[in-house]
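Hi there,

Here is the structure I promised to pass on to you. Have a look at it first, and then read my notes below.

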Amino acid sequence: MISRESGVFQTSYEGDMALYTLPLARNTTRVVVALLVLLPIPLMMANNEHLMSIVTTIALAAIGAIGLNILVGYTGQISIGQGAFMMVGGYTAAILSSRYGMPFWFGILAGGCTTALVGTLFGIPSLRIKGLYLAIATLAAQLIIEWVINHVPWISGGAQSSIYVDNPELFGFEFNTEFRRYYLVLVVFLLAFFGAQNLVRGRIGRAFIAIRDRDIAAEIIGVNLFRYKLLAFAISSFYAGVAGALWTYYLRIANYENFVLVVSIEYLAMIIIGGLGSVLGAVFGAIFIKLFPIALDLTVVSVSEGVFGIPYQDVANFLANMQLFLFGALIIFFLTVEPEGLARMWEHVKRYFRLWPYSY
Amino acid sequence: MEFLFDLTANGLLVGLMYSLVALGFVLIYKATSVINFAQGDLLMFAGYAAAVMTGGHGMPLWAMVLVLCAGMVVLGFVLERGILRPMVGQPVVSVIMVTIGLSFVLQGLVTIIWGASTRELALPVRFEPYIVGPVYISPINLVAAVIAILFLIGFGVFFTRSRLGVAMRAVADDQQASMVVGIKVPRVFALSWAIAGLAAAAGGIIWGNQIGVDTFLALVGLKVFPVVILGGLDSIGGAIIGGLLMGVIESLAAGYLDPLVGGGTKDFIPYVLMILVLFIRPYGFFGHETIERV
């Protein structure tokens with residue numbers, strides 16, 4: 001079960017083409033999924049809702065990051081509008097649920113589909129422009145969507161631009177505790193993760209990669225640029241919409257402040273730190289970006305209180321700025337030192353242990 | 001009709017200030033093909049430094065300007081050497097991201113060092129507006145416009161007359177060919193960042209004086225994207241005309257549309273316009289159309 005290979009010894013074509021060439025890989029996947037499913041049990045026993053909420057937030061962020069990575073990492077189309085697309089999904093779900101009494105699963109699907117539509121619309125310029133120009137176009141998309149949602153009372157619901165929704169409910173089962181909501185998010189996350197992995201392995205994913213590597217060459221070998229670029233935008237925004245809708249149901253409020261420009265950049269940072277063009281990398285990035293401020297909080301507070309005896313209130317302001325500063329510094333550090341991100345580091349580790357202990 | 005004149009004149013003056021900031025963008029893009037998302041933050045940094053020097057330390061204006069310009073030029077060199085040089089040959093998204101990272105670093109740094117409260121950046125200019133026929137012009141706007149024009153003329157002369165300026169244009173045109181004729185391309189890259197720092201210093205003083213110095217000053221950088229897209233990312237003339245145009249459009253939108261929809265169109269119209277330009281003429285009015293070959 002835990003045997004590793006020490007070389008490539010395939011004797012059949014099927015063996016060579018298999019998704020998991022070793023039982024180890026397949027079993028690792030199973031174990032990780034099982035652990036994720038069982039995770040709330042010890043937390044529930046310890047009654048640690050805070051830790052549960054952190055894990056849920058990471059899973060939520062990972063959904064959005066995977067979507068963005070499909071667009072940016074696999075297809076090579078830059079988007080600085082992921083936050084705004086999540087906003088569209090979030091508000092769609094909130095409006096459907098709070099005003100029309102739709103069930104949450106419908107809200108999530110509708111949020112995804114509406115966002116896919118909006119994303120495709122803003123993806124149309126990608127047919128003519130690329131690189132820097134596309135980055136600016138999606139930046140405009142972010143600012144325009146933000147403005148429209150804030151300034152159209154029918155969407156934003158008036159005061160503070162926030163809409164409240166009820167707890168999601170399925171067949172009389174109410175997702176009313178932190179632990180129950182975790183399962184809701186986990187199911188969607190697993191669907192999103194394995195869906196994306198299968199997508200990028202298949203025909204569509206290969207077309208995306210061809211477009212990223214050289215779009216004109218891709219067109220010449222028969223990839224329909226128009227269709228696949230828009231498809232990439234649609235899929236990516238669908239993910240964003242689903243993530244945004246889930247956010248809304250998780251927090252039970254749709255508020256634009258959760259999806260502003262900085263959030264879009266945070267998502268970009270996730271996939272860059274995690275690794276462009278890697279589904280697993282997006283998850284790593286989400287974990288890293290979400291855990292980083294928490295870890296920083298803990299260290300700064302413990303150092304300032306323990307060593308200097310300064311109470312928390314006095315360092316709170318410094319902390320916020322320090323976070324901003326270190327966030328930027330981390331992005332620069334990763335880009336200049338390890339441009340392929342955590343996913344590549346993970347590959348190094350795996351490669352090392354592949355032949356361990358006889359790595360001659 | 002008088003209202004229209006007033007709006008247009010003020011729009012033009014504000015537009016010149018946009019042009020000044022846009023200039024920093026265009027310079028860096030032209031020479032190094034990097035979009036500098038941190039230009040607004042460089043400007044904010046310069047504004048803070050200026051406000052601290054005149055307000056906190058009571059430096060005379062001329063000394064402050066000298067120190068600030070020198071400091072920003074050095075900062076430009078350092079940034080190019082430390083952050084941008086390793087990014088040569090990386091995908092576009094990484095290069096964009098590194099400048100975004102830089103903008104966070106600058107914002108964090110500024111507030112850690114100098115605090116987040118709004119500071120004033122006073123210039124010795126009288127307050128009452130000049131009245132030319134139907135048009136009210138505040139003197140500070142006029143000063144800003146004059147500085148912007150001086151800068152723009154200075155750059156114009158630099159790029160056409162000086163050896164370095166011509167070398168920079170050559171690099172912008174074709175990096176390999178300019179290496180062949182003996183231009184030191186890395187040095188030109190560094191220089192363009194230094195000049196962008198200089199433009200940020202000028203922008204920081206002017207904008208800081210106009211809207212006050214705090215972290216919101218960095219948002220001027222976002223406003224400049226429509227300007228450079230409209231004019232063409234690699235055209236200095238385009239930056240000037242784009243800036244003027246955007247200033248007028250903003251001013252007219254604020255004057256005529258705001259009463260209809262309840263405010264805020266200033267932050268909306270430029271981006272819609274920008275998207276339209278990207279649809280129709282992505283390389284802007286004066287930019288070069290790139291032709292791709294496999």
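A definition to begin with: a residue is buried if 20 or more other C-beta atoms, placed from the backbone, lie within 10 Å of its own, exposed if 12 or fewer do, and partly exposed in between. This is a predicted model, in which local features need pLDDT of at least 70 and side-chain atom pairs count only at pLDDT 80 or more, while totals for chains, interfaces and linings use all residues. Residues are numbered from 1 along each chain as its sequence is written, and chains are lettered from A and ligands numbered from 1 in the order in which they are written.

Let me start with helix H1 of chain B, residues 2-32. Helices here are DSSP runs (H or I, at least four residues) and strands are E runs of at least two, numbered from the N terminus. Just after H1(B), B:Ser33 has a positive phi of about 55 degrees.

Chain A has 16 helices and 4 strands. Its C-alpha atoms fill a box of roughly 65 × 55 × 45 Å along the principal axes, and 42% of the 360 residues of chain A count as buried.

Where the chains meet, each of chain A and chain B gives 36 residues to the contact (C-beta atoms, placed from the backbone, within 7 Å). H15(A) supplies the largest share of chain A's side, 12 residues.

Best wishes

How values were computed:
Contact = placed C-beta atoms within 7 Å. Expected span 1.5 Å × (residues − 1).
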